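Trainee: Please pick one part of this model and take me through it closely. Then show me what lies around it.

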Amino acid sequence: MDQNVENQGRLEKLEGIGCSRKRREDPRFIQGKGNYVDDIKLPGMLFAVMVRSPYAHAKINSIDTSKAKAYPGVHAVLTAEDLKPLKLHWMPTLAGDVQAVLADGHVSFQNQEVAFVVADDRYIAADAAELVEVDYEELPVIVDPFKALAPDAPVIRPDLDGKDVGAHGARKHHNHIFNWQIGDKDKTDRAFSDAEVTVAQDMHYPRVHHCPLETCGSVASYDAIRGDLTVWITSQAPHVVRTVVGMLSSIPESKIRIISPDIGGGFGNKVGVYPGYVCAIVASIVLGRPVKWIESRSENLTTTAFARDYWMSGELAADKNGRIKALRVNVTADHGAFDACADPTKWPAGMFHVCTGSYDIPNAHVSVDGVYTNKFPGGVAYRCSFRVTEAVYLVERMIDVLAQKLGIDKAEIRKRNFIKHEQFPYLTPLGLEFDSGNYLPALDKVLDAVDYKALRAEQAQKRADPNCPTLMGIGITTFTEIVGAGPSKSCDILGIGMFDSCEIRVHPDGSAIARMGTISQGQGHQTTYAQIIASESGIAASQIAVEEGDTSTAPYGLGTYGSRSTPVAGAAVARASRKIREKARKIAAHLLEVSPDDLEFDLDQFKVKGNPAKTKSMKEIAWAAYNNVPEGMEMGLEAVDYYDPPNFTFPFGAYLCVLDVTKKTGETKVRRFYALDDCGTRINPMIIEGQIHGGLTEGFAVAMGQELPYDEQGNVLGGTLMDYFLPTSMETPHWETDFTVTPSPHHPIGAKGVAESPHVGSIPCFSSAMVDAFAHLGTTHFNMPYNSYRVWQHAQSLGI
Amino acid sequence: MIPRPFEYHAPTALPEVIALLGQYGDEAKLLAGGHSLLPMMKLRFAGPGHLIDLRKVAELKGIALVGGEIHIGAMTTENELIFSTLLAKHLPLLAEVARQIADPQVRYKGTLGGDISHGDPGNDHPAVMMAMDATFVLAGAHGERLVKASEFFHGLYDTALTPGEVMTQIRLPLPPAGTGSSYAKLKRKTGDYATAAAAAVVQVKNSVCVQARIALTNVGPTALLAGDAAASLVGKTIDEAAIGHAAALAMKICDPTPDLRGDEAYKTAMAGQMVERALRTAAARCAI
């Protein structure tokens, strides 16, 4: 057989890095055979429903549970009084605050958890929940973070009375959480004083929700005889949950097993620990039976971890040619009633300091104030790394504003400010080291692909025609993300470094099982991790089982969020595979009676240098690992790797959007969206494309419709899918995708992570396009979401 | 999202339905497709003690040409409207509106009679029924009576149906030659109620409008028949000026409730825009 043909056949069989292998997860999902938390059914299992406050701010005078307890089929009704003896009525948050598990005499947001009703089934629990009588005394409500900081503003958190210092330093007001600053303020201020041109823009990133198709929930099962606690939970970070549960319950982690089964989307909503989980565990311990708690859709949308609600004021200083000299940012961050963000401990604004973007900006200073309001807690990431969407939005909007002021084209001003390829690794003024990037070719490729000049010409023509029924907008973003948290020197959660892990066992027949500390929620880990192992160890991907999510079998890891699976766990996978390969090399050398140095690795085998007929396949080596190893070597073929990344990774992209706004209705049609992503080494191009389509669609949803508004009484509006915008295929635009490849120099296989880039990059691109549609009329910015109503109002304000 | 306890009944004939309604009175609710009632029950806004499912009542189904009218059983689903060849030939507007309601899953269950009887101004069929000059057959213990669409809707969730009555049939006159119709709906997303929508039925002879009916969705406590707007077209060529004038008259009768879809100004303006769209399309369809 032709050698090349044979090699090609072996390569295809391997299904390694770069191959568009079909997703191994899909057969079960598309046949309805997934296994989600609500599919878990245990003998004797009870069901629980949360009683929630209808008021956004109230004192609780009394709770009468007697009628509910007397309702047939009810087993328990828990309130804060029942949790107090266990010291579980409050719990620590990942952000260094505390959160009421069940309201302790005071509620500070609508739908706050007040009582937990446990019954034979969910129908009885729902009926009995209505019978819990709570005497509320309403208090004045604050939903605006600026009003929250007024001297005489009502106290949202009486439990913090007298605490002038929080987890992140001094609190300057009773509703203030923290002030966090980074950068050189004096130098930045001087750059502004000396600048030829400055621009300033206020913007609000609305309160939105991830709205995963599967809501949050858990099943807790305590075995009183064995003293074991098992919790099935839809969690993006099962090991972190185990540690938190251990801290709260005083049960040793060795007796706690957290299982994340199939997850119906997370996007950052499923990182933290919610009151329902704690209550289900307590109820199971108290009642000695398994207890299931599953959120309704509205509970999910109005109680468990929102994203954003960032009020950002940006300023740029530049010269007349548009070269940026300094960036200054002030943020008022509405965290809701409890600070339940999920950020690395040291960074209460996450990685917002990536806000200098893809640009060579010599000076920058950022100040973020966290504020309490009578709204549900959160401020977590939503398909992005910690606060990165906010940061990228800020800088991409600001550079557009500067371009507009100077009359420079949006593409051109970016080119003038890009960090140049030869400047990498590049140290930003806010202390991050960008490992790699190549921005100019990416933008040029996009501009050529869409014929940017022709689009601008068409736009000019339409602007000149007063009878044109539509406004045409062209948006551009050239973003840099920061993902792969992260190096333990800067990133930890609850004191645990943000490493991740992989363990591989090769069986005697040459097949293997691999387990990681991450957990897939749609990313396709079962498929892609196997590809890394295939390329690195020579075991065909089809022969590798990938398992995640069970803390009793998987090695400890920090979980899947912030696009960290590939940058962190993916690196551990590659390194564990290499350990397997190196042991296999020694076994092969032993079998072939040559020195290990005389062997070269060749796809799925080792061959003797200069004598390619002498080979040992990985299959043969695996068998030998269990019966014929070199003297002094342990039997078996296993490897474990815990990977602490030396740096973050910095995926980037260049996006362009063309949209048309109908003047008289505000309806917007996204005519074209071209997304070029550079995620370094591409493991599975098909999955990457799917991830990008998903991220762009969520970005479109945020830009065009998602919002959780509040009225002045603290009622959350739009907390159902009637109002909350989840685009279907009918609304979703057509996506065009493209790529360049700039591998990460420090990652074992050069991969950077990709799933969040399209979300982070597309949202400012939609804003850029929408503002551009009105730019000739003087608009520099207006806030999302761009539903028809809001766009029409903006058009009306301009007299269109 | 769990309703309060209720008793479920599945009668198979109309007299049984009427008997059950008589027996349980205020405690009973009729279940058609369930896409309005069941969400209200799950949110515990409604808690009927008895649910009378009409799904098995065969005489409430079917589409037929009877004399000069189309008769449609109240339990005919949106999907059956969409795929009816009889309607495609005689009343294409019905399929056009049905296609703009919710999504395929809902349209397989949702019914014409349920959509109308619920009395929700956000539903799409009431305005279309007004524009098509429909007549409803209401049956009760004392027999049947006929009520015009224009007289059926009394207020929010309030209709001409009296306790113990059920809508059994919808009767629609065949449009005369030269008639064109259209339904224009502005919605935020698939599955949403209209921000505003308009149904227009116009008849043109020798380039002049001889008859017009216009009705509006979700810009008042009920669907609204825009009489002045329609009358303004009669005797005129339906050109841009006439369309603009009619839309302005239609906007005058709007009294929408502000919500996240928009304030009064926006919804009223959109009602005008939808009237314009519907009229343009309807006029273009007046073949002859």
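Predicted model: local features only at pLDDT ≥ 70, side-chain atom pairs only at ≥ 80, totals over all residues.

Mentor: Two residues are in contact if their C-beta atoms, placed from the backbone, lie within 7 Å. By that test, and leaving out residues up to four places away in sequence, Lys579(A) touches Ala639(A) and Asp641(A). Residues are numbered from 1 along each chain as its sequence is written, while chains are lettered from A and ligands numbered from 1 in the order in which they are written.

Stay with Lys579(A). This residue sits in helix H16 of chain A, residues 565-592. Helices (H or I, at least four residues) and strands (E, at least two) are DSSP runs, numbered from the N terminus. The cut-offs are 20 or more other C-beta atoms within 10 Å for buried, 12 or fewer for exposed, and anything in between for partly exposed. Glu536(A) is 43 residues from Lys579(A) in sequence, yet their C-alpha atoms are 9.4 Å apart in space.

Now to a sheet in chain A. It is open, with 4 strands in the order E23-E33-E34-E35 and mixed pairing. Two strands pair if DSSP finds at least two bridges between them. The edges are strand E23 (470-480) and strand E35 (736-739) of chain A. Each has a single partner strand, so one side of each has no neighbour in the sheet. From one strand to the next, the twist averages 10 degrees.

Look at one pair. Strand E34 (residues 668-678) of chain A and E35(A) run parallel, joined by 4 bridges. Within E35(A), Glu736(A) stands opposite Tyr674(A). Helix H18 of chain A (residues 685-704) packs on this sheet and touches E34 and E35 of chain A. The direction of H18(A) makes about 135 degrees with that of E34(A) (axes are lines fitted to C-alpha atoms, for helices over the stretch in contact, with angles from 0 to 180 degrees between N-to-C directions). Another helix, H14 of chain A (residues 452-464), lies across E23 and strand E33 (652-662) of chain A. Helix H14(A) runs at about 145 degrees to E23(A).

Chain A has another open sheet, with 3 strands. Their order is E6-E2-E8, and the pairing is antiparallel. Strand E6 (106-107) and strand E8 (133-138) of chain A have a single partner each, so one side of each is left without a neighbour. Strand E2 (residues 58-64) of chain A pairs with E8(A) over 6 bridges. In E8(A), Glu133(A) is the bridge partner of Asp64(A).

Next, the partner chain. Across the interface, 19 residues of chain A are in contact with 14 residues of chain B. On the chain A side, helix H5 (122-129) and helix H20 (788-797) each supply at least two residues. H5(A) gives the most, with 4 residues. The predictor gives the complex an ipTM of 0.96 and a pTM of 0.97.

Chain B itself has 11 helices and 14 strands. Its C-alpha trace spans about 55 × 45 × 30 Å along its principal axes. Of its 288 residues, 50% count as buried. Take the contacts in chain B between residues at least 6 apart in sequence: 64% join residues at least 24 apart. The average pLDDT of chain B is 97, and 100% of its residues score at least 70.

Technical notes
pLDDT = per-residue confidence, 0-100.
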